[in-house]
Every structure is written in C-alpha cells, then in structure tokens.
Amino acid sequence: MRKNSKVTQREHTNEHVTESVADLLAHEAPLDYKNSSLNVGGVPGKKIVLEPPENDGRPAWNSKLQYILAQVGFSVGLGNVWRFPYLCQKNGGGAYLVPYFILLILIGVPLFFLELAVGQKIRRGSIGVWNYVCPHLGGIGVSSLMVCGFVGLYYNVIIGWSIFYFFQSFQYPLPWAECPIRRNGSLSIVEPECEKSSATTYFWYRQTLNTTSTIADSGGLNVKMTLSLLVAWIIVCLAVIRGIASSGKVMYFSSLFPYVVLFCFLVRGLLLKGAVDGIAHMFTPKLEKMLEPQVWREAATQVFFALGLGFGGVIAFSSYNKIDNNCHFDAVLVSFINFFTSILATLVVFAVLGFKANLMNEKCVIENGEKMLGYLNSNVLSHDLIPPHVNFSQLSTVEYAEIYGVIKTVKEGSFAELGLDPCVLEDELNKSVQGTGLAFIAFTEAMTHFPASPFWSVMFFFMLINLGLGSMIGTMTGITTPVLDTYKVQKELFTVCCCIIAFFCGLLFVQRSGNYFVTMFDDYSAGLPLTIVVILENVSVAWIYGTKRFMQDLEDMLGFRPHAFYFYMWKYVSPCCLIILITATVIEMAISPPGYNAWVEELAQERFQSYPPWALAMCFSLIVVAMLPLPIVFIARHFNLMTDGSNKLSVSYRKSMMKDISNLEEVDETRFILGKNPGETPSPKPPSRAYLGPPGTNPLENPNSLSPNSCYGTGYQNAISPTTPTTPVTPTTTESDS
C-alpha cells in the first residue's frame with residue numbers, strides 16, 4: 001500500500017479522512033468526491049446509491065436488438081432444422097410438442113434466465129462468473145470452455161459441408177440430380193453404387209465425403225472438404241475477431257436471413273403436391289407415445305441443447321449488457337422464439353418430405369405396376385384379378401392398393417415370391433431422417449424436383465451456413481470472452497490463434513473417415529458433460545449462493561422481484577429434472593452399444609459397426625477430459641493450491657461490486673449481494689472481515705457471510721484493521737432510493 005494512501009493516513013492521524021468504501025477495498029486511488037455516486041458525510045438516515053459504472057472499459061452492445069439477435073442466432077441453429085423435426089416424427093408427431101413445451105417451461109426458461117442473470121450481474125465470461133459465485137466450483141467455467149472447443153471443432157466442419165454444397169448449387173441440373181454414367185468402351189452404364197442407393201445418397205457419400213468403409217481406415221485428407229473447412233474458419237474468424245463489435249453486426253444478417261428462407265420454403269412447400277399429407281402426418285398426435293419415458297428424455301435433451309445451456313455463450317453475450325437490462329424479458333423472448341422457430345422449421349421440413357413421399361410412392365406404384373403387367377403377360381397372374389377399368393399406363397395409388405389387396409388374398413401361399421411392394425404413403429412418411437441425412441440427402445433429393453431447383457438449393461444451403469455461423473459465433477464467444485477476461489491478452493491475436501489451431505485440429509474431420517469422427521464428437525463430447533455443468537450451475541446458485549439471495553439480487557438489478565415460480569424451479573424442480581436426465585443419459589449410454597453407421601460401398605448402404613478399442617477409448621476420453629477441470633479445480637482450491645480467481649477481476653469490476661457490498665443490512669439467506677434496507681449508520685468499528693458488512697456481523701460466526709473462505713466470497717483483503725479507530729460516517733441523502 002502506498003505511504004500516502006488514505007488508509008495509511010488514518011493509521012497515523014486522527015484527522016477526518018473522506019473516502020469511499022470502494023477505495024478501501026479496491027486499494028486504488030480515491031474516486032473524485034463530488035462526481036462519485038458513493039460519498040460519505042451526508043445526511044444520516046438515508047440510503048447510499050452507487051450506480052454501476054457504465055464506462056468500465058468493457059465493450060457493450062450497440063443496441064438491444066443486436067443483443068437479442070445474437071442470443072437468437074446462438075440458440076437457433078442446425079438442430080432446429082434437422083433434429084427437432086426428426087424427434088417430432090419419431091416421438092408421436094403433435095403429441096411430442098406437449099412434453100417438449102412442458103420441459104421448456106420447467107427447465108429451459110428458468111435455467112436460461114439464470115445464465116443471463118449471472119452473466120449480466122457479474123459482467124464476466126463463464127470462468128469469471130463461476131469463480132465469483134463459488135470458487136470451489138470454478139471448474140464449471142473451464143469445463144464449459146472445453147466443451148465449446150470440442151463442439152466448435154466439428155460444428156464448423158458441418159458449415160464446411162454446407163459451403164461445398166452451396167457452391168455446387170450454381171449449376172443446372174444440380175450435380176446430385178442424376179446418377180453418373182460410367183463409360184466402358186462403347187458401353188455406358190449407370191454407376192452401380194449409385195444405382196443401388198440414390199443419386200443424392202451417392203453424391204453425399206462418394207463425391208462429397210468420399211468416405212471409407214470403417215473408422216479405422218483414414219483414407220487420407222479429402223482435399224475438397226479441407227478447403228471448405230478453411231473457408232469456414234476464415235469466415236468465423238472475421239466474424240468474431242473484434243468481439244461483439246464485429247459479431248454483433250454479422251448477427252443482423254445471419255440471424256434474420258434464415259427466417260426469410262424458411263418462410264419462402266414454407267410458401268413454396270405448401271404449393272407442392274403432397275405437402276398437406278406431410279404436415280397432416282406431422283401434427284397427427286400419437287398420444288400413447290406421451291407415456292414412454294424415452295420421449296420425455298429426448299424432449300428434455302432437445303430443450304437443453306436448443307437454448308445453448310452450459311456452453312458459456314449465453315453468459316458471455318449477456319455480460320456485455322447494461323446492469324439494469326431486463327434479462328427476464330430476454331430469457332422468455334429468446335426461449336419462445338427458439339420454440340416457434342422449431343415449429344416453423346418442422347412445417348417446412350414435413351411439407352417438403354410430404355412432397356418427396358408422394359413422389360417416391362408414385363415411383364413405387366409405377367415400378368410394381370410394371371411387375372404386375374409382366375406377370376399378367378407371362379400368365380403368372382390371371383387377368384380376372386384385374387378390374388376392367390384399370391389402365392396400367394396411368395395406374396393410381398388407389399387402384400394399385402386395390403389390385404395389391406386382391407392378389408395378396410388370392411396368391412396367399414406364393415405371394416412373397418412375386419416381390420410386390422405395398423406402396424403405402426404412410427410408410428414413406430414414417431421413414432425417420434435426421435441430421436446430415438435430412439439436410440444433405442432427403443432435402444436435396446426433394447429440391448431436385450422443384451422448378452428452378454438451383455435457386456432453392458442455393459437458398460437452402462446459404463440458410464444452413466447462416467444458422468451454423470450464428471451458433472459458431474456464440475460458441476467462439478464462449479471461448480474467447482472468459483479467456484480475455486481472465487488473462488487480458490490481445491483480442492485479435494488470440495482469436496486468430498484460436499482459429500488457426502482449431503483448423504489444424506479439425507483436419508481430423510476432413511479425412512475420408514472424418515464423418516465418423518463427427519458422429520463420435522457429437523455423441524460423446526457434449527451430452528453428458530454439459531448436463532453435469534448445468535446442474536452444477538443450478539446447484540451453485542440455488543443451494544450454495546442461495547436462491548433467496550439470488551432473488552434479492554435480481555430485484556435490485558432489474559427493479560422488480562421475479563415471480564416465485566423461478567424460486568421453486570431453481571431450488572427444487574430444475575435440479576431434480578437434471579438429475580433424472582443425467583441418470584437416463586448414463587443408462588442410455590450403458591445399454592446402447594457404442595458404435596457408428598458406416599457406409600459399405602459394396603452394399604451401397606449403411607451398416608452399424610462397433611467402435612474398435614482405440615476409438616472406444618477416445619469416446620470416453622472426450623467425456624473425461626471435458627469434466628476433468630471440475631475435480632481438479634475443486635481439489636486445488638480446497639487445499640489452497642490455487643487462488644480463488646478473484647484477483648483476475650478488473651479494478652472497474654471490483655468497484656462496481658461495491659454497490660452490492662456497501663448496502664448490506666444483514667448477511668443471511670434472504671440477502672444475496674444488495675440488501676433491501678441497509679442500516680442507517682455503519683459501525684464505527686467494523687470487525688476484521690473481507691468486506692464492510694452490517695454492524696456486529698462477524699463472518700467467522702456467520703456461515704452465510706461473504707468471507708474469503710466462503711464458497712461465494714470474492715476474496716478481498718482486509719482494508720481496515722479491527723483495532724484502528726475510525727471516524728463515524730453517515731450516508732448521503734439521495735432522492736432516487738427514498
């Protein structure tokens with residue numbers, strides 16, 4: 001401490017020294033007395049008001065709209081387009097919306113609100129936030145960062161695939177519209193692998209990925225995918241290199257453009273033949289599905305990942321808000337925008353899939369009608385079985401179903417030998433397609449039948465790029481913000497280094513076997529670790545920090561007390577739901593054999609294969625590495641091998657927290673940081689403690705106090721000796737808190 005500081009002056013003189021509480025605790029030069037919103041020597045009996053510093057050097061959003069678009073862009077991603085519709089189809093159609101909506105209310109909105117609130121209050125990334133809330137659980141922030149790293153590695157590969165398809169769409173006909181022709185001298189034959197599968201499937205597995213038949217066979221780098229990945233990382237780097245100053249502007253386009261495309265596809269899709277069949281199939285509820293636990297587990301998982309909980313991006317974005325921003329409104333708004341976006345995407349997907357199902361069903365009728373005609377001409381079938389009005393050149397699905405039923409009844413013993421398919425539209429609609437299979441196979445096949453198909457293909461894949469970019473910006477912010485807050489490195493240099501390292505690590509996914517590693521990382525790197533991260537976030541705030549404290553802090557921050565609904569959700573319901581989800585996830589991993597769907601070239605179809613031992617070890621290593629910071633940080637801080645992280649908080653942040661500390665009346669479970677009715681006069685002899693608390697409160701005697709050793713303490717050093725005489729001071733009168 002400097003010799004001429006006011007604390008030193010107090011120790012050597014009895015003269016009255018005017019200073020702020022923030023000066024004592026921050027050990028900094030005193031604030032300007034007249035301009036400071038915290039000053040002493042005023043009229044007794046009135047509150048002290050310290051407005052949070054708006055110019056603390058931390059970047060801020062240019063507008064509320066920019067911030068909302070950033071949160072929407074992060075939460076609304078590829079999963080809304082190719083995961084939610086699949087789950088809806090698989091788990092009872094419209095009936096699936098009921099458990100999803102219930103769990104959105106019970107888990108999604110409360111936990112999303114919690115992350116927004118802690119980020120906005122503490123104004124730090126995930127590492128700084130959880131170091132402040134509970135230093136022993138400071139590993140939460142590090143685990144979030146590592147999961148963001150794992151997810152970012154393979155998520156950008158998907159953007160690379162979309163970029164490749166985007167550029168391939170600028171030609172007519174589309175390159176995946178027809179199977180390639182192989183020429184052998186004067187003979188021209190269709191590529192056998194393509195003929196066995198389909199043109200879009202062949203283009204995906206052979207011409208795009210050029211995939212190998214097993215994960216053990218790397219096959220070397222795929223040059224086309226490597227270049228696409230490089231372009232993807234360049235785009236991401238340019239979008240986030242200047243922090244929210246650049247990513248915020250990008251969000252205006254990347255968040256809004258997908259909605260334009262979805263609405264265009266919805267209008268176009270509704271005009272397609274069979275679109276109504278797809279939508280009707282989607283919204284026809286299978287109510288018996290709601291009784292299956294698996295449906296609720298998958299709904300909870302989708303809610304969890306749809307909002308980006310636990311990644312750190314939500315906290316990072318909200319940390320750039322003003323302290324009094326209404327984050328409760330933001331949480332509800334973004335959650336329901338996400339939900340309605342999923343509904344919109346599902347309508348689009350099922351309209352297009354209904355169109356595709358009708359096409360495939362008509363194709364099935366034509367092919368099997370030709371078989372029947374051949375059997376009639378060869379007298380295998382009698383002409384008496386065919387109604388006289390049937391014309392095989394214009395055979396309808398209704399007529400085919402009628403003939404199929406008659407033949408099946410008459411030829412019951414030998415019907416299987418005929419090899420006729422039922423050609424039922426419902427069977428086509430029930431074929432579940434998700435993930436890359438939906439985007440790069442099913443949807444691309446449907447678009448080949450659109451008029452002006454290249455235009456719709458360009459629009460679709462440009463939409464996927466924007467959806468992925470919005471999520472990648474949030475993921476990268478979840479990495480850069482906590483590191484920049486903690487270590488104060490140069491932002492641009494650190495961002496470029498992260499992108500370069502990520503590109504070289506991402507080369508794992510652009511081998512010919514890279515698709516199998518994408519599946520591995522998607523299954524193992526995020527699911528269980530993120531669920532554990534979120535439940536620890538919930539527990540650290542609701543049970544260690546104190547739910548009543550947190551509610552009081554929200555009231556002081558927002559200007560109103562959130563509904564008691566959130567109290568019970570945070571305290572009891574959400575932790576129980578998350579525990580059940582973790583248990584169900586572990587059971588699912590235990591009973592499901594770990595493996596992947598490999599593309600077998602000889603069969604021209606996928607076959608499930610188990611992971612080899614080294615790949616199995618890699619799967620579980622992803623889980624262990626992502627969760628490893630949790631026990632390491634806990635043990636290191638329990639045995640004082642690591643500081644509590646409070647020294648990483650900036651001086652401006654410590655000053656802003658003085659508002660909370662200086663107004664405490666009592667430190668119990670009903671007070672979080674800011675007291676409702678602070679004492680009129682502070683004690684002339686505060687006891688030895690790490691903050692200026694209420695009169696007569698000893699942190700050593702009160703287990704709920706904000707002491708350096710408490711789980712939610714900030715670890716400030718003592719500013720005043722307990723034996724040092726002090727001059728009583730009185731608060732300043734202000735009208736705003738009267």
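Helices and strands are taken here as DSSP runs, a helix having at least four residues and a strand at least two, numbered from the N terminus. On that basis, alanine 604 belongs to the loop that links strand S3 (595–600) to strand S4 (605–610). The structure is a predicted model, and its chain contains 29 helices and four strands. Of the 738 residues in the chain, 56% are buried.

**Confidence and overall contacts**

- The average pLDDT of the chain is 77, and 79% of the residues reach a score of at least 70.
- Residues 1–55 have a pLDDT below 50, and this stretch makes 105 contacts in the model beyond near neighbours in sequence.
- Residues 646–738 also have a pLDDT under 50; for them the model shows 202 contacts beyond four places in sequence.
- When contacts between residues at least 6 apart in sequence are considered, 79% of them join residues at least 24 apart.

**Packing of H6 and H25**

- Two packed helices are described by the angle between their axes and the distance between the axes.
- For helix H6 (residues 97–122) and helix H25 (residues 527–558), the axes come within 10 Å and the crossing angle is roughly 65°.
- Angles of 65 to 115 degrees count as roughly perpendicular, and H6 and H25 are therefore described as roughly perpendicular to each other.
- The crossing of these two helices, H6 and H25, is left-handed.
- On the H6 side, the contact involves Leu111, Phe113, Leu114, Glu115, Ala117, Val118, Gln120 and Lys121.
- On the H25 side, the residues are Val534, Glu537, Asn538, Val541, Phe550, Asp553, Leu554, Met557 and Leu558.
- By class, the residues in the contact of H6 with H25 comprise eleven nonpolar, two polar and four charged.

**Packing of H27 and H28**

- The axes of helix H27 (residues 613–627) and helix H28 (residues 629–638) come within 5 Å, with a crossing angle of roughly 30°.
- Angles under 35 degrees count as roughly parallel, and H27 and H28 are therefore placed in that class, roughly parallel to each other.
- Val625, Ala626 and Met627 of H27 form the contact with Pro629, Leu630 and Pro631 of H28.
- The contact of H27 with H28 has six nonpolar residues, no polar residues and no charged residues.

**Buried residues in helices**

- Glycine 470 is part of helix H22 (residues 453–487), and its relative accessible area of 0% makes this glycine buried.
- Serine 126 is in helix H7 (residues 126–133) and counts as buried, at 1% relative accessibility.
- Beyond four places in sequence, the contacts of serine 126 are Gly141, Ser144, Gly312, Ile315, Gly478 and Pro482.
- Threonine 444 sits in helix H21 and is buried, with a relative accessible area of 0%.
- With neighbours within four places in sequence left aside, threonine 444 touches Tyr165, Trp176, Thr200, Ala439 and Phe461.

**Loop residues and backbone geometry**

- Proline 451 occupies the loop between helix H21 (435–447) and H22.
- Accessibility over 50% would count as exposed and under 20% as buried; proline 451, at 49% relative accessibility, therefore counts as partly exposed.
- Apart from neighbours within four places in sequence, proline 451 is in contact with Arg268 and Trp456.
- Tyrosine 172 and proline 173 are joined by a cis peptide bond, with omega about -5°.
- Proline 173 lies in the loop between helix H8 (139–168) and strand S1 (181–184).
- Arginine 123, in the loop between H6 and H7, has a phi near 55°, which is a positive value in a residue other than glycine.
- The relative accessibility of arginine 123 is 9%, and this residue counts as buried.
- Alanine 604, in the loop between S3 and S4, likewise has a positive phi, near 55°, in a residue other than glycine.
- With a relative accessible area of 6%, alanine 604 is buried.

Key: Residues numbered from 1 in each chain as written. Predicted model: local features only at pLDDT ≥ 70, side-chain atom pairs only at ≥ 80, totals over all residues. Heavy atoms only, no water. Axes fitted to C-alpha atoms, helices over the stretch in contact; angles between N-to-C directions. Parallel < 35°, antiparallel > 145°, perpendicular 65-115°, else oblique. Left-handed = near helix turned anticlockwise from the far one by under 90°. Contact = heavy atoms within 4.5 Å. Nonpolar A, V, L, I, M, F, W, Y, C, P; charged D, E, K, R; others polar. pLDDT = per-residue confidence, 0-100. Buried < 20%, exposed > 50% of the residue type's maximum accessible area, 1.4 Å probe, protein only.
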